[in-house]
Amino acid sequence: MPSPRAFLLLWLPAILAAAAVLLPVAYLLFRAADGGDAAWVTLQRPHTLDTLLRTAWLCLAVTLVCLLLAVPIAWLTVRTDLPLRRLWAVLTPLPLVIPSYVGAFLYASALGPRGLLQGWLEEPFGITRLPDIYGFPGALLVLSLLNYPYVLLVVRAALQRVDPAQEEAARSLGHGAWSSFWRVTFAQLRPAMASGSLLVVLYVLRDFGAVAVMRYTTFTRAIYIQYQTALDRSAAAVLALILILFSLVVLFLESKARGRANQLSNAASNRTPQRVQLGAWRWPAAVFCAAVVFMALLLPAGVLLYWLVRGWLAGQVLDNATQLIWNSVSASGLGALTVVVMALPVAYLLARRPGRASNLIGSITNLAFALPGIVIALALVFFGANYALPLYQTMPMLVFAYMILFLPQAVAAVRTSFQRVPPQLEEAARSLGRGPLGVLRRVTLPLLRPGISAAAALVFLTAMKELPTTLLLAPIGFKTLATSVWSFVSEAFFARAAWPALLLILTSSLPMALLVLREENDN
Amino acid sequence: MSRKFAVLSFILMVGLLLGACAPAPQPTAVVAATAEPTEPAAPVEQEAAPADPGKLVIYSGRSESLVAPIIQQFADATGIEVEVRYGSTAEMAAALLEEGANSPADVYYAQDPGGIGAIEDAGLLTTLPSSILERVAPGYASPNGAWVGITARARIVVYNTDALSAADLPADLWGFTEPEWNGRVGLAPTNASFVTMVTGMRQVWGEDETRAWLEGIAANNPVYYSGNGGVVTAVGAREVEVGFVNHYYLYQFLAEHGEGFPVRNHYLNNGGPDSLVMVSGAGILASGQNQENAERFLQFMLSQVAQQYFASRTYEYPLVEGVATSSLLVPLTDLNTPEISMGGLSDMSGSAALIEDVGMVP
């Protein structure tokens, strides 16, 4: 039995967090049952199997492309003498701040069969039509370019911690530079690549914007079509339940791919490894980074600027957006804070008190991992309006929704850093006379700090872009940059959407860039 | 040193944002700033207002960029404290169905007959007084009086003027199933307006004929888009040459791109369901706390002022007599539209299933 204090500080918040995640699941079961036979007919349609296969295929392809982009960039920006290394280190994670529902429109208008690129090519080369990007290629392009930073951030952090001693040992045993990289460093990066890929897959499962604009029917698009077009909540619930099963399979695969994460080798290596001299490869490497930054950041930002200027020349006025910025930042900041605070006890139990009870809590918090925002929003509309009316459509309710949406992401990040704090270190501090809270403050929290700030930054960014729960659950009249962008884009006011979209990207870029810079300086 | 710098800059950033927030206008003022100066703020029925005009909560399935200015005018004129939640019509409808009798909403304003029909079918709307219903022609309100049309939009064909002239276009949508239109047509199969048109087709043509039309179009390699805006963009870029959309999108593009934007509307005007005119509609929630203000709001939306706003700012068709349609549009009275009651257009799921079944949702 846990002590009363451990129960209050650890188990109770963790159990509450798990109970919160069960709300949308309970709602889905209720709605699916409510639909009776009609809902089960949805299941038996041949489309449902097609959708399953298409979803799996897109997840796999996006993950592969993200790994191919992110792992080389992570290695180049951490371990080599790449020209302008710090610049690339700051710029390459930034595409994460672009919402996919905007990004997809931007890529479609830039690279579509008759888009901006084709316009530039027509005069000199006589190209009147580019190949169609709609469907799988477009969805792959948008989701890969906007989500590779998930892998990049996790792998970068891991690379910075890899103990160079092992690599040096491999070299001294006669392995060449490449061989020791593959055998030692790459092997140590495996858990990081697995958890980065997991974040990518779950984003792809949950994304609506990119697949809608590019017209590739994944589960989430099928769910949206049931809500948006057919107005059929029961069929949507059946599809969402299948999506939960699918995400459980993904989580299982990830835990396999992670392998037995090696705790202690990561422990406390503060030595900076020697930077690899790239020699003649310096310039191709820099061109690679430049190309990725151009495609994933400059191109979408450039199209937004083009829309903005075109609208401005046609007489559009830039709206005063200070209130929107403040609303976005305060709701997302509050969300990030709450999610991280709730993630700490869950992550601690998973890392330090492995057992049936903590594993059950861990699995439950993962159930809503891939559910699209609209499902979680409607579940909370149902429970909020019918059982918690005083809280309904208040800020605490919105923050609560953010917690259900983003908890697993934060747990994963904090859990990894708990694994990097050897319990022996805390025991040593205890034996030297510190009380439990003193140990927490002086030993555990400082060591957890990188994990906590990474988790907070990820949640903050994702909340800044979040749309469906903000629309349905925020206090009435509460508008954010994201809802404002959506309001314009949905009516095809592209020029007017460009301004809040650019502000959204700029506001989210600041904490992102600061996070990377601090990481850089810590090393 | 460097960490201090990072912490300092973070504090600075938060400080800047806080500072920027302090003199920030109220949210309502932001809305007001968005609205371009339109018609002079007209005095609305200056009845002897009670001391406290009270509140009104609106769920709007219509976009803020289209309706916020006119709702603000209502609030200014009446002194009523108006709160609006914006979302898509379908999401708002789903939320209302989940909320049931506990909904904070007084009024639901939907983009299409399907969205408001779903709320009517759930029995959540109250019957409107005849003083409201009588302001529009009978076909433009719910047959049971549960909701009233506010504006109308026509289904039309947009075409690229560099590629085609209006004379090249067929007389009805069946014409686009001919081989010569292979690969030249764009449409948005998951868009509520398209689905509503298919519901109209099912009513007039029947299931089999509608399926045959959908299959004919699907077999002609059309390009599918996520919404009407995407279709008009594509027609403008000549990615496709014609598109099936609502009439009013074009005018936003003309405002943003200038008159040179190479797209124009073509009205089929043949009396069939492919010339459908659909309404946006509003109803009053039976559970609402502010019934009187809700009725005042609907009266206002059907007033000359509001109808004129929609006619000249959003290029929709006004539904109230005596309000001039934008000179850019073919007047509603000159349109040869099918005899379909808007109340019969609410079966979205049957049409959506049919559209999916013919393979239009890849």
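# A tour of chains A and B

In chain B, residues 24 or more positions apart account for 76% of the contacts with a separation of 6 or more. The model is predicted, and every value along the way is computed from it.

**Stop 1: chain B as a whole.** Of its 362 residues, 59% count as buried. The accessible surface of chain B is about 13,300 Å², with 53% of that area belonging to carbon and sulfur atoms.

**Stop 2: B:Ser63.** Now select B:Ser63, in the loop that runs between strand 1 (55–60) and helix 3 (64–78) of chain B. Is B:Ser63 buried or exposed? Its relative accessibility is 5%, so B:Ser63 counts as buried, the cut-off for that class being under 20%. Show the residues around it. Leaving out residues up to four places away in sequence, B:Ser63 touches B:Tyr86 in its own chain, and A:Ser487, A:Ser490 and A:Glu491 in chain A.

**Stop 3: two residues with positive phi.** Most residues other than glycine have a negative phi.

- Select B:Asn269, in the loop between strand 8 (263–266) and strand 9 (277–284) of chain B. Phi here is near 50°, a positive value in a residue other than glycine. B:Asn269 has 29% relative accessibility and therefore counts as partly exposed.
- Select B:Tyr315 next, in the loop between helix 12 (304–314) and strand 10 (317–318) of chain B. B:Tyr315 is not a glycine either, yet its phi is positive, at about 55°. With 23% relative accessibility, B:Tyr315 counts as partly exposed.

**Stop 4: chain A as a whole.** Switch to chain A. How many helices and strands does the secondary structure of chain A come to? The count is 22 helices and zero strands. The radius of gyration of chain A is 24 Å, close to the 24 Å that the globule rule gives for 523 residues, so chain A is as compact as a globular protein of that length. Along the principal axes, the C-alpha atoms of chain A fill a box of roughly 70 × 65 × 50 Å.

Of the 523 residues of chain A, 60% count as buried. The accessible surface of chain A is about 20,900 Å², and carbon and sulfur atoms supply 68% of it. Among contacts in chain A between residues at least 6 apart in sequence, 82% join residues at least 24 apart.

**Stop 5: a helix pair in chain A.** Two packed helices are described by the angle between their axes and the distance between the axes. Select residues 219–228 of chain A, which form helix 11, together with residues 373–387 of chain A, which form helix 16. The two axes come within 10 Å and cross at roughly 45°. Helix 11 of chain A and helix 16 of chain A are therefore oblique to each other.

Which residues meet between helix 11 and helix 16 of chain A? Show the side chains: helix 11 contributes A:Ile223, A:Tyr224 and A:Tyr227, while helix 16 contributes A:Ile374, A:Val375 and A:Leu378. By class, the residues of this contact are six nonpolar, no polar and no charged.

Notes
Residues are numbered from 1 along each chain as its sequence is written. Chains are lettered from A and ligands numbered from 1 in the order in which they are written. This is a predicted model: local features need pLDDT of at least 70, side-chain atom pairs count only at pLDDT 80 or more; totals for chains, interfaces and linings use all residues. Side-chain values use heavy atoms; hydrogens and water are left out. Axes are lines fitted to C-alpha atoms, for helices over the stretch in contact, and angles run from 0 to 180 degrees between N-to-C directions. Helices (H or I, at least four residues) and strands (E, at least two) are DSSP runs, numbered from the N terminus. Angles under 35 degrees count as roughly parallel, over 145 as roughly antiparallel, 65 to 115 as roughly perpendicular and the rest as oblique. Contact means heavy atoms within 4.5 Å. Ala, Val, Leu, Ile, Met, Phe, Trp, Tyr, Cys and Pro count as nonpolar, Asp, Glu, Lys and Arg as charged, and the others, Gly among them, as polar. The radius of gyration is taken over C-alpha atoms; the globule rule is 2.2 Å times the number of residues to the power 0.38. Buried means under 20% relative accessible area, exposed over 50%, partly exposed in between (1.4 Å probe, protein chains only). Accessible areas come from the Shrake-Rupley method with a 1.4 Å probe; for residues, only the protein chains shown count as cover.
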